[in-house]
Amino acid sequence: MRTRFQQGLDDLRTRLLRMGGLAEQAVDRACQAYFDRDLNRCHLVLEGESQINEAERDIDELAFDLLAMQQPMAVDLRFILAVTKINSDLERVGDQAVNIAERVMDLVELPKADLPVDIPRMAGAVSAMVRRALESFIEGKAELAQAVLEMDNVVDRMRDEAFMTLVKTMNAHPDVTRQAVDALLIARNLERVADHATNIAEDVIFWVRGADVRHNVQQENLGQETRRVTGL
Amino acid sequence: MGVGINVEHLDAWFGKTQSLHDISMMIQANHATAIIGPSGCGKSTFVRCLNRMHETIPEARVSGRVRMGDLDVYNGTAAVQIRRRIGMVFQKPNPFPTMSIYDNVAAGLKLNGFHDRRRLDEIVERSLKVSALWDEVKDNLRKKSGASLSGGQQQRLCIARALAVEPQVLLMDEPCSALDPISTGKIEELIFQLKENFTIVIVTHNMQQASRVAEFTGFFLMGRLVEFDKTEKIFTTPSDKRTEDYITGRFG
């Protein structure tokens, strides 16, 4: 058993989970800020971004060291590659949370408008995707990740519905156009977060099964059976 | 050109101890095949069975079938003839210490009664060029002994010696384990080039080396072939848990 290498892998896993927690928290805070028109939460999201960026650099550095010094193979190699990609997706999730917070800061300056769009429902679905994608990583279970992939279409439809509804609202009520545009952009940001959760799930499947399911390739070959990754 | 080797249900014993169990493997012509596994797993025994080198050990015997192209290695062919067609390079470079560089390369041919001076010169030069040693030794071919060369040069000299008799297959038993990284790099580069004209089987403990030079890899454990597949498959998504545990350092 390569004890030091295993410790390095454990360290990488722990750091990525911490990073995942930060990104998940940023999205939840940004959404809550939208629901409550809460500037304080917006500032918390903006302040938290540097922490996420720093975590991204640390994880990349550790992954780079392990690749260079330990010459990982097979499941370990797939794990490290998956971590570096998930790391990048989590950093972008953090960026999307910042974008949402900035939209909210713009909205708070405007009169409150009653828009016929269910952002809370969409935010709930997106948060669930991020949470489940991270759970699939923690558990090393491909079927949990597979469930995340299936949720992506639901969020895409929500985004499309929000787009059509908000365009109609802008035509009918030009006085709330700015608020509608902000809501539209937030819907788009949430949909992007869902895309990153999907990427994370795909990377978990790659790590666990060695299967590349990006762009729907091989998804049809994924059965129900999964094997738990051991040794980490 | 190289030829393929078809191994079918090969068992090997040393006395009462069975060291290989029912090995079947198709070694592709003009490709490099790596044999990996922990110490004592039978990988060296396996390659020695391919050219009947194991017969030099008393009480060694085999059953099963090994075919090299259209030649049946164990049925109706003399061991000497087999070894002319299947050359071998060992872990420790073993040039003949009292012979010059030239004579080291020419030794196999002379032993087979080949004495045409001009042809010998040509073959020695060609073998040393193919082994990427010619430029380093051409001015001292007859002045310097094989033992005076560096470890990496000695190993390339041994490869030249093996190639001089024009084999079709080259077996390499941990050819770089005693060499520094630069010499190792040269041998690996050489293996890559030799594949054009020879079939290569390399035993190695260095998994990075196997992944660098070989298109196919076989994993041996306790005398059994656990998995044999394309190298990239073995080192990224092996099918057998035992292979994965070995290459990720979880045992062995």
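## Terms and conventions

A residue is called buried if 20 or more other C-beta atoms lie within 10 Å of its own, exposed if 12 or fewer do, and partly exposed in between, with the C-beta atoms placed from the backbone. Helices (H or I, at least four residues) and strands (E, at least two) are DSSP runs, numbered from the N terminus.

This is a predicted model, in which local features need pLDDT of at least 70 and side-chain atom pairs count only at pLDDT 80 or more, while totals for chains, interfaces and linings use all residues. Residues are numbered from 1 along each chain as its sequence is written, and chains are lettered from A and ligands numbered from 1 in the order in which they are written.

## Chain A as a whole

Chain A contains six helices and zero strands, and its pattern, read along the sequence, is α-α-α-α-α-α. Its C-alpha atoms occupy a box of roughly 65 × 40 × 20 Å along the principal axes.

Of the 232 residues in chain A, 44% are buried. Two residues are in contact if their C-beta atoms, placed from the backbone, lie within 7 Å. Among the contacts in chain A between residues at least 6 apart in sequence, 80% link residues that are at least 24 apart.

## Helix packing in chain A

How do the helices of chain A lie against one another? Helix α1 (residues 3–36) of chain A packs on helix α3 (residues 74–108) of chain A at an angle of about 20 degrees, and their axes are 9 Å apart. This makes α1(A) roughly parallel to α3(A), where angles under 35 degrees count as roughly parallel, over 145 as roughly antiparallel, 65 to 115 as roughly perpendicular and the rest as oblique. The axes are lines fitted to C-alpha atoms, for helices over the stretch in contact, and the angles run from 0 to 180 degrees between N-to-C directions. The contact of α1(A) with α3(A) has 21 nonpolar, three polar and one charged residues; here Ala, Val, Leu, Ile, Met, Phe, Trp, Tyr, Cys and Pro count as nonpolar, Asp, Glu, Lys and Arg as charged, and the others, Gly among them, as polar.

Helix α2 (residues 39–70) of chain A also packs against α3(A), at an angle of about 165 degrees and with the axes 9 Å apart. The two helices α2(A) and α3(A) are therefore roughly antiparallel. Their contact divides into 17 nonpolar, four polar and four charged residues.

## Two residues of chain A

Ser127(A) belongs to helix α4 (residues 119–139) of chain A, and it counts as partly exposed because it has 18 C-beta neighbours inside 10 Å. Although Ser127(A) and Glu24(A) are 103 residues apart along the chain, their C-alpha atoms are separated by 7.2 Å. Apart from its neighbours within four places in sequence, Ser127(A) is in contact with Val27(A) and Asp28(A).

Asn216(A) is found in the segment after α6 (177–209) of chain A, and with 8 C-beta neighbours inside 10 Å it counts as exposed. Asn216(A) lies 206 residues from Asp10(A) in sequence and 30 Å from it in space, C-alpha to C-alpha.

## Chain B and its helix α3

Chain B has 10 helices and 10 strands. Its radius of gyration is 18 Å, close to the 18 Å that the globule rule gives for 252 residues, so chain B is as compact as a globular protein of that length. The C-alpha atoms of chain B fill a box of roughly 55 × 40 × 30 Å along the principal axes, and buried residues account for 46% of its 252 residues.

In helix α3 (residues 101–111) of chain B, the buried residues are Ile101(B), Tyr102(B), Asn104(B), Val105(B), Ala106(B), Gly108(B) and Leu109(B). These buried residues of α3(B) pack against α4 (117–130), α5 (134–137) and α6 (151–164) of chain B. Just after α3(B), Gly113(B) adopts a positive phi of about 80 degrees.

## Where the chains meet

The contact between the chains takes 12 residues from chain A and 11 residues from chain B. On the side of chain B that touches chain A, α8 (207–213), α9 (231–236) and α10 (241–247) of chain B each supply at least two residues. By class, that side of chain B has four nonpolar, five polar and two charged residues.

Key: Rg over C-alpha atoms; globule rule 2.2 N^0.38 Å.
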